[in-house]
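Subject: Structure for you to look at

Dear colleague,

Please find below the structure I promised to pass on, together with its sequence.

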Amino acid sequence: MTKKEERLLRQQEKLQAECARLEGMKTYEREYRRYGVLCGIDEAGRGPLAGPVVAGAVILPADCEILYLNDSKKLTARRRELLYDEIMEKAVAVGVGVVDHEEIDRINILQATYEAMRQAVAGLGVNPDVLLNDAVTIPGMTQRQVSIVKGDAKSVSIAAASVIAKVARDRMMVQMDERYPGYGFASNKGYGSAAHIRALKEMGPCEIHRRTFIRNFVQETEEEGTGFRE
């Protein structure tokens, strides 16, 4: 066997392994599709110190094949961008929900996440029958819900929603980096990296920091005002 033939064989084996992995991620889709239209739901941004929480809702065709689709946290930024475009092209419907930092502070991050998910479903333009959720049950929804722990690695629908939410939020944070320089939002996406925390202590919070998330890093009194950096 020549080196070229060996290389082609390895590529074929990798492709077969990837197809087998994706088939394993369609177990929930096969089980629940008999109840009607399936929608995968996931979020990005529950843990950051700044910025919104964003949810994605995705309805994929029954025969949809998107290679390398996975939990967005396991993918490179470049792969997520490529998958985002492919999902947007192939999906029956995609919805995105966004809840900003002020609302997160007002109602807490869990309730804000639920609200972002409800917005994402409402934005589909199609009414799904079954919601495949990543480890949550969303209050106020009339559809059948299936909560799947680590669902973004077990369901192609949830994985697709994970990619949509992650890419959408990352793009927002890159824009926020231009508006609020110095915190490294383009690289840390608002998460509490060492450099971000250091900048927060040195410069104080900016408008999009979550006040309830930064109390351990920034001590303020009413006399000191809001402390917002414009």
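This is a predicted model: local features need pLDDT of at least 70, side-chain atom pairs count only at pLDDT 80 or more; totals for chains, interfaces and linings use all residues.

Residues are numbered from 1 along each chain as its sequence is written, and side-chain values use heavy atoms, with hydrogens and water left out.

Aromatic rings

The structure holds 2 aromatic pairs, where rings of Phe, Tyr and Trp (its six-membered ring) pair if their centres lie within 6.5 Å, and planes under 30 degrees apart count as stacked, over 60 as edge-to-face and the rest as tilted. One of them joins Y32 and Y35 in a tilted arrangement, with 6.0 Å from centre to centre and 40 degrees between the planes. The other is formed by Y183 and F185, and it counts as stacked because the ring centres are 5.4 Å apart and the planes stand at 15 degrees.

As for accessibility (buried means under 20% relative accessible area, exposed over 50%, and partly exposed in between, with a 1.4 Å probe and protein chains only), Y32 is buried at 15%, whereas Y35 is partly exposed at 35%.

In the same terms, the charged end of R171 sits over the ring of Y84, 4.4 Å from its centre.

The largest pocket

The largest pocket holds about 180 Å³ of space. A pocket here is an open set of points on a 1 Å grid over the protein atoms alone, where a 1.4 Å probe fits and protein lies on both sides within 12 Å along at least five of seven lines, and lining residues have an atom within 4 Å of a point; grid points are joined across faces, edges and corners, and the volume is the space filled by probe spheres set on the points. Of its 13 lining residues, E43, A44, G45, K73 and Y191 are the closest to the centre. The elements that give two or more residues to this lining are β1 (38-44) and α6 (156-179), helices (H or I, at least four residues) and strands (E, at least two) being DSSP runs numbered from the N terminus.

Backbone angles

K150 has a positive phi, near 55 degrees, and is placed in the loop between β5 (144-148) and α6, where K150 is exposed at 59%. K189 likewise has a phi near 55 degrees, but lies in the loop between α7 (185-188) and α8 (194-203) and is buried at 14%.

A residue in β4

L132 belongs to strand β4 (residues 130-134) and is buried, with a relative accessible area of 0%. Leaving aside residues up to four places away in sequence, L132 touches several others, including Y28, Y32, I41, V146 and I158, contact meaning heavy atoms within 4.5 Å.

With best wishes

Definitions and conventions
A charge sits over a ring if NZ of Lys or CZ of Arg is within 6 Å of the ring centre and within 35 degrees of the ring normal.
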